[in-house]
Amino acid sequence: MKCLVTGGNVKVLGKAVHSLSRIGDELYLEPLEDGLSLRTVNSSRSAYACFLFAPLFFQQYQAATPGQDLLRCKILMKSFLSVFRSLAMLEKTVEKCCISLNGRSSRLVVQLHCKFGL
């Protein structure tokens with residue numbers, strides 16, 4: 001999976017992650033043909049939340065490469081939330097966000113590309 005979020009949509013993605021962090025301690029990322037699904041459930045399994053970002057939300061969206069199965073990923077919320085810790089700074093400094101999930105190396109990479117090439 002590979003997706004590219006640009007402009008104000010980076011802040012929207014950050015707000016969604018912050019909202020999900022109030023419910024659960026784990027974040028489930030699931031790239032689908034319909035878009036990227038971010039889900040969480042609380043520890044007692046009594047509350048559940050899901051955001052589905054359509055492919056049009058992204059500048060570039062590829063759920064899976066041809067011949068590859070769709071992947072799923074579970075990550076600790078604190079780890080993913082640390083990328084989007086300051087929403088005010090995201091809006092001012094971040095130009096784009098690239099999220100990639102590699103099944104072969106079992107690696108999730110979130111890259112923030114800041115203005116002026118930083």
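This is a predicted model: local features need pLDDT of at least 70, side-chain atom pairs count only at pLDDT 80 or more; totals for chains, interfaces and linings use all residues.
Residues are numbered from 1 along each chain as its sequence is written, and side-chain values use heavy atoms, with hydrogens and water left out.

The chain has three helices and eight strands, which follow one another from the N terminus as β-α-β-β-β-β-β-α-α-β-β. The radius of gyration is 14 Å, close to the 13 Å that the globule rule gives for 118 residues, so the chain is as compact as a globular protein of that length. Helices (H or I, at least four residues) and strands (E, at least two) are DSSP runs numbered from the N terminus; the radius is taken over C-alpha atoms, and the globule rule is 2.2 Å times the number of residues to the power 0.38. Along its principal axes the C-alpha trace spans about 45 × 35 × 25 Å.

Contacts (heavy atoms within 4.5 Å) between residues at least 6 apart in sequence join residues at least 24 apart in 57% of cases. Of the 118 residues, 34% count as buried, where buried means under 20% relative accessible area, exposed over 50% and partly exposed in between (1.4 Å probe, protein chains only). The accessible surface comes to about 7300 Å², with 51% of it belonging to carbon and sulfur atoms; these areas come from the Shrake-Rupley method with a 1.4 Å probe, and for residues only the protein chains shown count as cover.

Threonine 40 counts as buried because its relative accessibility is 1%. Its side chain reaches the backbone oxygen of glutamate 26 at 2.7 Å. Arginine 45 is found in the loop between E3 and strand E4 (48-53), and its phi is near 60 degrees, a positive value in a residue other than glycine. With a relative accessible area of 60%, arginine 45 is exposed. Serine 106 is found in the loop between strand E7 (94-102) and strand E8 (107-114). Phi of serine 106 is near 50 degrees, again a positive value in a residue other than glycine, and serine 106 is exposed at a relative accessible area of 67%.

Terms used:
A polar contact is a pair of N or O atoms within 3.5 Å; within protein, one must be able to donate a hydrogen and the other to accept it, and residues adjacent in sequence count only if both atoms are side-chain atoms.
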